[in-house]
Amino acid sequence: MTALTIPAGMPQYDDKPRFDVERVRADFPILGREVNGHPLVYLDSGNTSQKPRQVIDAVARYYAEHNANVARSVHTLGTESTEAYEGARAKVAAFIGAPSVDEVVFTKNATEALNLVAHAFGPHAQDPRFRLGPGDEIVISEMEHHSNIVPWQLLCERTGATLRWFGLTESGRLDETNLDELVNERTKIVSIVHMSNVLGTVNATARITARVREVGALLMLDCSQSVPHLPMDVVDYDADFIAFTGHKMLGPTGIGVLWGRLELLNTMPPFLGGGSMIETVKMTGSTFAPAPARFEAGTPPIAQAVGLGAAIDYLNAVGMDAVAWHDKELTAYALDALDTVPGLRIYGPKVPVGRGATISFTLDGIHPHDVGQVLDSLGVQVRVGHHCAKPICDRFAVPALTRASFYLYTTTDEVDALVRGLDQVRKVFA
Amino acid sequence: MQLDQLYQEIILDHYKRPQGRGLREPFAADVHHVNPTCGDEITLRVALDGETISDISYDGQGCSISQASASVLYELCNGRTVDGALTVHAAFVELMGGKGQIEPDEEVLGDAVAFAGVAKYPARVKCALLSWMALKDAVAQAVALEKEEV
Ligand SMILES: Cc1ncc(COP(=O)(O)O)c(C=O)c1O
């Protein structure tokens with residue numbers, strides 16, 4: 001390593017929060033395996049993250065020692081599993097700085113959380129903030145995941161409201177030049193991604209939030225990619241709703257989170273009807289429990305919530321500041337390394353500022369499917385295709401992209417393996 | 001290396017030098033098929049002369065497997081009778097569904113035997129089949145139109 005002297009009074013190297021990546025890697029059993037005769041190089045964490053032993057064990061221990069249904073029994077096991085489930089909720093609330101535990105609604109994934117909020121809008125909503133019809137507008141952006149596009153399109157079809165969106169700049173950032181016109185008195189909700197799963201862009205939300213408040217609209221952030229990678233404080237961000245998903249943050253699949261301001265959640269209609277979400281049920285009609293139970297009909301994903309709680313413990317022990325700094329250093333390294341590959345073009349910010357550890361690119365004349373296939377033969381797992389964000393591909397006029405996405409267990413050696421693999425790809429298709 | 005089974009020389013040759021590519025007139029049917037998981041697309045046209053497929057023309061974008069497959073399809077099916085082409089189609093679909101366990105018949109499949117290795121890569125089978133599904137669709141439409149006109 002080069003001995004770099006940083007002038008006194010400036011932040012020193014050791015001031016940065018750090019952790020031992022090799023020790024972290026040792027916690028992830030899957031990272032020890034081989035793929036096609038090569039050590040696994042997992043560069044698809046933006047799709048789903050790998051799971052540490054601590055999470056795998058927490059789920060197994062829950063089933064082995066505490067399993068029972070929640071919130072319906074007086075017996076010991078029922079009490080233990082209810083405590084485990086509600087304990088996970090409390091961990092989530094603390095992790096994102098939620099003022100109240102009741103603001104954390106467990107869903108199946110981020111997609112369900114986004115649909116749940118979209119479902120609350122309609123012509124007959126009790127609360128005028130959710131009343132939606134012809135002439136009203138909803139604002140998203142061109143860099144959304146399909147799960148933050150389609151629910152709003154369906155809502156607009158149902159109600160006659162109009163869907164509008166932020167465009168993107170050439171460098172893959174939100175184009176805010178028409179902010180004041182786009183977000184206006186007719187806008188009911190602005191729902192945008194916090195960190196893009198394709199471009200890696202981390203959106204600065206302050207100006208948008210200020211405008212949303214000015215016109216009295218609501219603000220939802222899709223934090224599926226940001227909560228796993230960046231410290232999050234919902235009060236700081238002044239959002240009304242955020243959605244994220246457990247499997248991208250070391251947790252199990254089958255568990256997601258909707259966070260919403262309690263006052264809003266309690267005016268929203270239920271999403272699914274069934275057990276556990278009611279206050280009382282008569283044959284002539286029912287009344288509903290307050291949040292979060294109102295939105296958790298049926299037996300919830302209990303073990304998955306417990307697993308998510310263990311994942312949050314793990315991330316807290318490493319420290320989210322340290323995770324974010326690791327991402328930043330790795331991204332800086334990878335952007336430079338990929339820049340040396342002939343014919344490679346990066347889509348999204350090319351500087352490690354205002355972006356996360358997800359890099360999408362094309363290789364001149366070689367289809368991403370072929371890139372991914374050759375990389376796989378070398379053990380390197382990347383995602384190829386349109387990444388559930390087809391409008392981004394349309395915006396940049398590419399049929400598909402190759403994406404490498406990193407996490408706290410990713411090393412610079414793995415970035416090197418990617419770059420070597422890309423040389424091999426170019427040889428096969430030369 | 002395992003990869004050689006997938007990217008056989010024949011496939012790479014067809015990818016780099018596609019046969020019959022480009023959209024031509026006249027045509028009896030024109031179809032557009034996409035592979036929604038990866039964004040591969042093909043537009044394919046067929047022209048009929050009685051029972052014979054007198055031209056298959058196509059254009060699209062996609063990976064080497066999907067593009068090479070379209071080129072092989074052109075070589076095998078262009079100028080055949082409708083029944084002849086559908087026989088090749090059936091053999092190719094069977095090969096792709098065989099998980100690498102089917103011994104392809106070179107008499108029927110010609111260069112398409114090179115795709116036997118693709119059948120072992122479930123994620124790529126759809127790429128190989130894209131143009132063949134488009135062909136079946138286009139031929140069915142063209143034949144139906146011809147019947148209407150008679
Ligand atoms: C930005 C973004 N939003 C939403 C989702 C949807 O997450 P899930 O499939 O877990 O609902 C994803 C996951 O791919 C994502 O990256």
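These notebook entries record what I looked up in the structure, a predicted model.

**Conventions**

I number residues from 1 along each chain as its sequence is written, with chains lettered from A and ligands numbered from 1 in the order in which they are written. As the model is predicted, local features need pLDDT of at least 70 and side-chain atom pairs count only at pLDDT 80 or more, while totals for chains, interfaces and linings use all residues; side-chain values use heavy atoms, with hydrogens and water left out.

**Entry 1**

I describe two packed helices by the angle between their axes and the distance between the axes. Helices here are DSSP runs of H or I with at least four residues, strands are runs of E with at least two, and both are numbered from the N terminus. Axes are lines fitted to C-alpha atoms, for helices over the stretch in contact, and angles run from 0 to 180 degrees between N-to-C directions.

I looked up α4 (residues 82–96) and α6 (residues 122–149) of chain B, which pack at about 155 degrees with axes 11 Å apart.

I then listed the contact residues (heavy atoms within 4.5 Å). From α4(B) they include B:Phe92 and B:Met96, and from α6(B) they include B:Leu129, B:Trp132 and B:Lys136. By class, the contact of α4(B) with α6(B) has 12 nonpolar, 1 polar and 1 charged residues. Ala, Val, Leu, Ile, Met, Phe, Trp, Tyr, Cys and Pro count as nonpolar, Asp, Glu, Lys and Arg as charged, and the others, Gly among them, as polar.

**Entry 2: helix packing in chain A**

I found α11 (residues 320–339) and α14 (residues 412–428) of chain A packed at about 20 degrees, their axes 10 Å apart. This makes α11(A) roughly parallel to α14(A). The crossing of this pair is right-handed. Among the residues in contact are A:Leu330 and A:Tyr333 of α11(A), with A:Asp416 and A:Leu422 of α14(A). I note 9 nonpolar, 1 polar and 1 charged residues in the contact of α11(A) with α14(A).

For α3 (residues 76–95) and α10 (residues 302–318) of chain A, the axes come within 8 Å and cross at roughly 40 degrees. The pair α3(A) and α10(A) is therefore oblique, and its crossing is left-handed. The contact includes A:Tyr85 and A:Phe95 of α3(A), and A:Gly309 and A:Ile312 of α10(A). Its residues divide into 11 nonpolar, 3 polar and 2 charged.

**Entry 3: ligand surroundings**

I looked up the 13 residues around the ligand (a heavy atom within 4 Å); A:Thr111, A:Asp222, A:Gln225, A:Thr245 and A:Lys248 come nearest. Polar side-chain atoms lie at these distances from an oxygen atom of the ligand: A:Thr111 at 2.5 Å, A:Thr245 at 2.7 Å and A:His247 at 2.8 Å.

**Entry 4: backbone exceptions**

Most residues other than glycine have a negative phi, and most peptide bonds are trans. I found a cis bond joining A:Ala291 and A:Pro292, with omega about 5 degrees; A:Pro292 is in the loop between β12 (285–288) and α10 of chain A. The bond from B:Glu25 to B:Pro26 is also cis, with omega near -5 degrees, and B:Pro26 is in the loop between α2 (9–16) and β1 (29–35) of chain B. I note a positive phi near 50 degrees at A:Asn36, in the loop between β1 (34–35) and β2 (38–39) of chain A.

Notes:
Parallel < 35°, antiparallel > 145°, perpendicular 65-115°, else oblique. Left-handed = near helix turned anticlockwise from the far one by under 90°. Polar contact = N/O pair within 3.5 Å; in protein donor to acceptor, adjacent residues only side chain to side chain.
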